[in-house]
Each structure stands twice: as C-alpha cells, then as structure tokens.
Amino acid sequence: MTPQKPVHDSQYAAQMDADDPLRHFRGQFHLPLTPEGEPQIYFCGNSLGLQPKNAKQYVEEELQDWASLGVEGHFRARHPWMPYHELLREQTAALVGALPQEVVVMNTLTVNLHLLMVSFYRPTQERWRIITEEKAFPSDQYAVASQARFHGFDPENAIVEIPLGEDGRFSSDTIFETIDRHRDDAALLLLGGVNYYNGQCFDIAGITAAAREAGITVGMDLAHAAGNVPLRLHDWGVDFAAWCSYKYLNGGPGSTAACFVHERYAERPDLPRFAGWWGHDASTRFAMPPHFHPMPGAEGWQLSNPAILPLAALRASMDQFAAAGMDRLREKSLQLTGYMESLLFERAHPSWSILTPGEPEQRGCQLSLRVREGGHDLFRHLAAEGVICDWREPDVIRVAPTPLYNTFDEVRRFAEIFHAFFADTD
Ligand SMILES: *Cc1c(COP(=O)(O)O)cnc(C)c1O
C-alpha cells in the first residue's frame with residue numbers, strides 16, 4: 001500500500017481533523033500544557049498514556065465508598081469490590097480478540113509473564129530453549145533468563161535470539177528459519193507483539209501457527225500492541241499473553257496489567273501454577289478450604305485480591321476504548337502515522353531515517369526515527385518546541401501519534417518543527 005499523497009498545508013490537516021469521526025475523544029483527556037498554557041504535542045502514549053478526565057470521578061467513587069462503607073464496600077459499594085475485576089472482563093476481551101474467560105486483569109506485566117511461564121515454560125532435557133527477539137525489552141530479557149536459570153539451564157545456551165537485520169528490523173524469513181531450526185529443542189517462544197524499540201508489529205498469526213506446528217508454546221508480550229493494533233488472540237491460537245495498561249491503554253502510572261490464557265487451558269487444574277486465594281474457585285473461596293482448586297479460565301491464575309483504585313482508573317479508560325472501538329482507532333491510526341511518514345519524507349535528510357517498517361500492517365502508531373548525527377540536539381529542540389516524545393539509546397527518537405487524543409494538525413506541526421531543526425543546522 002502506498003500512502004496517497006496528501007496536501008501538506010495547515011488547511012489539509014484542519015480538514016482531516018474536522019472530518020475525523022473520533023475527534024471528540026481528545027476532549028476526554030487531560031493534555032499536558034506548555035509554560036504558555038498551550039497543549040503540548042504529546043507523542044508519548046506508547047510510554048505513558050494520558051489521563052482520561054473521567055478517571056478522577058471513577059477513583060473518587062471508590063474512595064467515597066471506602067469512606068462511607070469500610071469493609072462493607074466489598075459487597076455494598078456501588079461497584080462491589082469483590083467482583084470488581086469482572087467489570088473489566090468484556091472490554092478487555094474485546095480489545096485483544098479473546099473470549100471473556102480467556103482474560104483477567106491482575107498484577108503488573110512482568111509479574112504476569114513470570115506467573116504464566118511457571119505454567120507454560122516447562123523445559124525438559126530435549127526441549128528447553130526459549131526463543132525471543134534480539135534486544136527485547138530489558139524486563140523481558142531478565143524474566144526469560146531468570147526462568148531458564150530457575151530450571152537449572154544456562155541462559156547463554158537456553159535463550160535463542162531472533163537476530164535483527166542490518167536494517168534494524170526483523171525479517172520474516174529469519175523468524176521462521178529460527179523457529180524451524182529449533183523445532184526439536186525449543187519449549188517456548190516469547191515475543192513482544194509490537195517491538196518497543198523499532199515499532200515493528202509481528203505477524204502474530206503466522207508466527208503462532210509456525211511455532212505451534214513445531215511443538216513450541218507461544219507467549220506474547222503485548223505491552224506495545226494492546227490498544228495500538230487489532231488483535232485476535234483466540235483465533236490466532238496464541239497460548240498466553242500479558243500486557244500492561246499504562247501505555248496505549250491510559251490506565252495510569254503502574255496501573256494493573258492483564259493476561260490472556262487460551263481457552264484450551266481453561267479446564268486444566270493439573271497445570272503447574274503458583275496459587276493464591278483469588279485464583280481459587282469463587283464459590284468456595286470464603287469457606288477457605290485447605291486445597292487449592294483453580295477457577296476455570298484465566299482467572300485461575302490470580303493470586304491476590306486486586307487493588308481497586310488503579311482498576312477504577314483503568315475502567316475510565318477502557319470505557320473510552322469501548323466507545324471508540326479498535327477498528328475505528330486503527331483506521332485513524334493508519335492515517336495519522338502514514339501522514340507523519342509522508343510529511344517527514346517530503347524533506348529527507350541524510351542525518352535521519354525511519355527504523356520502523358514502511359508497510360502499515362507491520363507497525364502500529366509509533367515511528368522510531370534513527371538520527372545518526374545530532375540526535376540529542378534534535379531531541380532537545382523538539383522538547384523546547386513543546387513536543388513530548390522519547391529518546392532511546394543510542395540514536396533513536398520514538399514518536400507515537402495516538403488516535404484517541406492526537407490530531408492531524410499536531411502531526412503537521414511536529415513535521416514542521418522537525419524539519420526546521422535540519423534547515424537550521426545545514
Ligand atoms: C513497558 C514494558 C514492560 C514493563 O514491565 P512492567 O512490569 O509493567 O514494569 C515490559 N515489557 C515490555 C515489552 C514493555 O514494553
């Protein structure tokens with residue numbers, strides 16, 4: 001797909017914003033302001049999503065109910081705390097293409113990866129390796145290495161990294177070759193569905209099919225995919241997945257994460273797992289029986305009663321997602337990011353290139369700009385001009401125009417600010 005050539009003036013961007021069926025969602029979020037009181041160009045939703053304005057009310061309701069009811073709030077709050085996590089079930093399932101019983105919100109992301117690997121990384125003398133991608137997010141690297149070590153394997157030997165190509169991307173051929181090469185000795189494949197660094201979106205359906213056909217269990221870290229790209233976890237047959245809620249999902253700093261366990265494991269009390277009372281069969285939980293019997297589905301992996309306040313904030317955001325719909329969000333996202341790409345390429349400069357794949361189906365909203373020279377200066381220039389994005393060592397600036405609250409005009413202004421830096425340095 002070649003992006004159609006847009007008209008690159010402020011009228012064009014203003015028209016795109018006026019025609020945008022999702023334009024009213026921007027008003028539902030708090031936008032950080034410049035010292036002059038203007039909204040900053042916030043392209044950092046891939047790192048910490050903005051606060052939905054209704055989050056405060058949702059959280060305050062729980063604070064009020066706690067104040068007025070104390071422990072009774074577990075059953076008598078407007079939204080009783082006992083089954084509170086269930087309020088997020090349907091929307092979470094819809095977001096990732098899962099059945100309701102395949103998902104649960106709980107803990108934080110890295111914790112969930114560990115809990116799921118307890119069940120789904122079951123190495124044997126024949127099959128012990130973990131396939132992951134080169135330069136995976138550090139927390140994921142530490143998690144898989146520590147799991148390998150926990151089972152008595154040397155991570156140097158147990159972990160197989162899918163190598164990055166010269167162009168800084170992962171080629172399909174290399175991914176499928178790596179799976180094939182390890183069809184007899186890999187126990188688990190754990191990938192970031194959208195790579196946090198280069199913004200590449202993997203062919204999760206194809207990779208899952210190939211790995212499972214090779215007898216390899218498939219786990220996905222969807223920190224950069226959830227709320228960014230459409231997902232069909234159930235249909236694709238992914239074994240398990242986990243994601244945080246504070247990036248694209250706008251759940252608030254450190255808010256509660258979620259996980260997915262495929263239906264095929266719904267009734268598997270025999271699977272080894274770390275247990276806690278909240279994963280125990282809800283009908284007998286308070287009888288406190290001596291033996292653990294897990295709830296069916298993903299809920300059977302819960303340990304503790306969840307923190308209500310972050311879940312309240314997350315509900316506020318998930319209501320926005322449900323109202324906007326992932327399909328419409330993706331449609332706008334393709335336009336926004338395509339617009340940014342074409343504006344940037346209008347004035348190419350040898351100092352920078354785009355690391356993220358050019359094929360829209362191989363990326364989400366983020367573009368990773370590799371800046372060979374003057375990257376730090378460029379980053380400071382963007383910040384001084386009111387653009388919030390981030391810097392990743394050694395030479396990458398990540399910009400993520402998100403469809404819920406960013407506009408075409410912000411993309412246009414960003415490109416202008418970006419080009420001005422190179423015009424000034426030439
Ligand atoms: C953001 C992110 C994390 C963060 O993990 P937490 O446990 O939420 O601190 C982990 N993995 C990936 C791929 C991420 O993008």
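Strand E3 (residues 129-133) and strand E4 run parallel and are joined by four bridges. Within this pair, Glu133 stands opposite Ile162 in E4. The model is predicted: local features need pLDDT of at least 70, side-chain atom pairs count only at pLDDT 80 or more, and totals for chains, interfaces and linings use all residues. Residues are numbered from 1 along each chain as its sequence is written, and side-chain values use heavy atoms, with hydrogens and water left out.

Strands (E, at least two residues) and helices (H or I, at least four residues) are DSSP runs numbered from the N terminus. Two strands count as paired if DSSP finds at least two bridges between them. E3 and E4 belong to an open sheet of seven strands with mixed pairing, in the order E2-E8-E7-E6-E5-E3-E4. Strand E2 (103-105) and strand E4 (159-162) stand at the edges with a single partner strand each, so one side of each is left without a neighbour in the sheet. On average, neighbouring strands of the sheet are turned by 15° against each other, direction ignored.

Helix H8 (residues 172-181) packs on this sheet, where H8 touches E3, E4 and strand E5 (186-192). The direction of H8 makes about 155° with that of E4. Helix H9 (residues 204-213) lies across E5 and strand E6 (217-221) and runs at about 150° to E6. Contact here means heavy atoms within 4.5 Å; axes are lines fitted to C-alpha atoms, for helices over the stretch in contact, and angles run from 0 to 180 degrees between N-to-C directions.

The domain assignment, whose bounds come from an automatic or database source, gives domain 1 (10-30 + 325-425) and domain 2 (59-321). Taken over C-alpha atoms, the centres of domain 1 and domain 2 are separated by 29 Å. The contact takes 30 residues from domain 1 and 20 residues from domain 2.

Between the two domains about 2000 Å² is buried, with carbon and sulfur atoms giving 53%; buried area is the accessible area (1.4 Å probe) that two parts lose on being put together, summed over both. Met326, Leu355 and Gln366 supply 26% of the area that domain 1 buries against domain 2, more than any other three residues. Helix H12 (326-346) and strand E13 (396-399) are the elements that give two or more residues to the side of domain 1 that touches domain 2. H12 gives the most to that side, with four residues.
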